[in-house]
Amino acid sequence: MNNGEVVVRREHDTQPSIAEREFRVPAADVYETSEAYILMLDLPGATRDAISLTLEMGEMRVKADVSSLHNQEGTLLLSEIAGSGFFRVFSIGDGIDTGNVDARYEQGVLTVKLFKSENVKPREIHIN
Amino acid sequence: MLVKFERIPMIRPVWDSTTRFENEIESLFNGYVTPDFFGLRAPALDLVERQNETRVIMELPGVQKEDIKISLVKDLLTIKGKRKSQGLPEGAKWIRNERQSGEFSRTIQLPHPVKTEGISAEMTNGVLQIVLPKADEARPREIGIQ
């Protein structure tokens, strides 16, 4: 499917800023079906409104703000849940139809379905 | 389940191994270290004490509330459960599999006695919050001076 194509890393413009470093990298599952790539990311404590998902310049950026979880009144006796949110960038190849993306957030898990472009879908050719 | 992930050019994270040092470390472990490697078996939690209660906040994304068991024995609170594996649809193939499934358990000692009948718990957006009201003897009391 990928034909060994290598997407060039552009680290100079994809390095997170200092502020973004306070964000954790969420664990992700990615799988491929004949029609789409499906990404699942653990983003516990976010809400639909607190998640931003952008597709631009061959990248998909996922950012979720969970700071409200930490701003609870009281004394913190144990604090293991780090950072104020989640941030992760994925490189997206050419074979994705960026106009056809489905995203849903349930039980703290974001599921994004990136449909493949028509020209990269497997196609069976009938022989006449 | 621990599955070695493959780097594929179609979709891959750009900066979770940004620095050379991190790349070196990752190569040492031959790709077995994922961002959430220690994540599921002992999920992270916060413990917040207020005047009349203590709250336990635990991250459990993708865990059904039916699969969580909370128990309290004296001052030891145990939260255990499992995250079910979702598996792959037929004909699909993994590109990355970092999200762990399986059992988890945490036990913490509470800083005060608890009024057991007032305990409540709720699951919202993959976060479990348990409210443990303090027993009367543990609540702050103002003493008047005669």
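**Notes on the predicted model**

1. In this predicted model, β5(B) and strand β7 (residues 102–109) of chain B are paired in the antiparallel sense, and eight bridges connect them.

2. The largest nonpolar core has 21 residues, and Leu43(A), Met60(A), Leu110(A) and Leu114(A) have the most contacts inside it. At least two residues of this core come from each of β2, β3 (36–42), β5 (59–65), β7 (85–92), β8 (96–106) and β9 (109–116) of chain A. A second, separate core has 16 residues, among them Leu45(B), Met58(B), Leu60(B) and Val63(B).

3. Which residues does Met60(A) touch, not counting those up to four places away in sequence? They include Leu39(A), Leu53(A), Arg88(A), Phe90(A), Val112(A) and Leu114(A).

4. Ala28(A) belongs to strand β2 (residues 28–32) of chain A. Is this residue buried or exposed? Ala28(A) counts as buried because its relative accessible area is 0%, and the cut-off for buried is under 20%. Beyond four places in sequence, Ala28(A) is in contact with Met40(A), Leu41(A), Arg88(A) and Phe90(A) in chain A, and with Arg96(B), Asn97(B), Glu98(B) and Arg99(B) in chain B. Between Ala28(A) and Leu110(A) the C-alpha to C-alpha distance is 9.4 Å, although 82 residues separate them in sequence.

5. The model scores ipTM 0.75 and pTM 0.74. Chain B has an average pLDDT of 79, with 73% of its residues scoring at least 70. Among the elements of chain B, the highest mean pLDDT, 96, belongs to strand β9 (residues 127–133) of chain B, and the lowest, 46, to strand β1 (residues 11–13) of chain B. The pLDDT is below 50 over residues 3–19 of chain B, a stretch with 74 contacts in the model beyond near neighbours in sequence. Residues 30–38 of chain B also stay under 50, and the model has 20 contacts for them beyond four places in sequence. Where pLDDT is low, the predicted coordinates should not be read in detail.

Methods
Residues are numbered from 1 along each chain as its sequence is written. Chains are lettered from A and ligands numbered from 1 in the order in which they are written. This is a predicted model: local features need pLDDT of at least 70, side-chain atom pairs count only at pLDDT 80 or more; totals for chains, interfaces and linings use all residues. Side-chain values use heavy atoms; hydrogens and water are left out. pLDDT is the predictor's confidence in each residue, from 0 to 100. Helices (H or I, at least four residues) and strands (E, at least two) are DSSP runs, numbered from the N terminus. Contact means heavy atoms within 4.5 Å. Buried means under 20% relative accessible area, exposed over 50%, partly exposed in between (1.4 Å probe, protein chains only). Two strands pair if DSSP finds at least two bridges between them. A nonpolar core is a set of buried Ala, Val, Leu, Ile, Met, Phe, Trp, Tyr and Cys residues joined through side-chain atoms within 4.5 Å.
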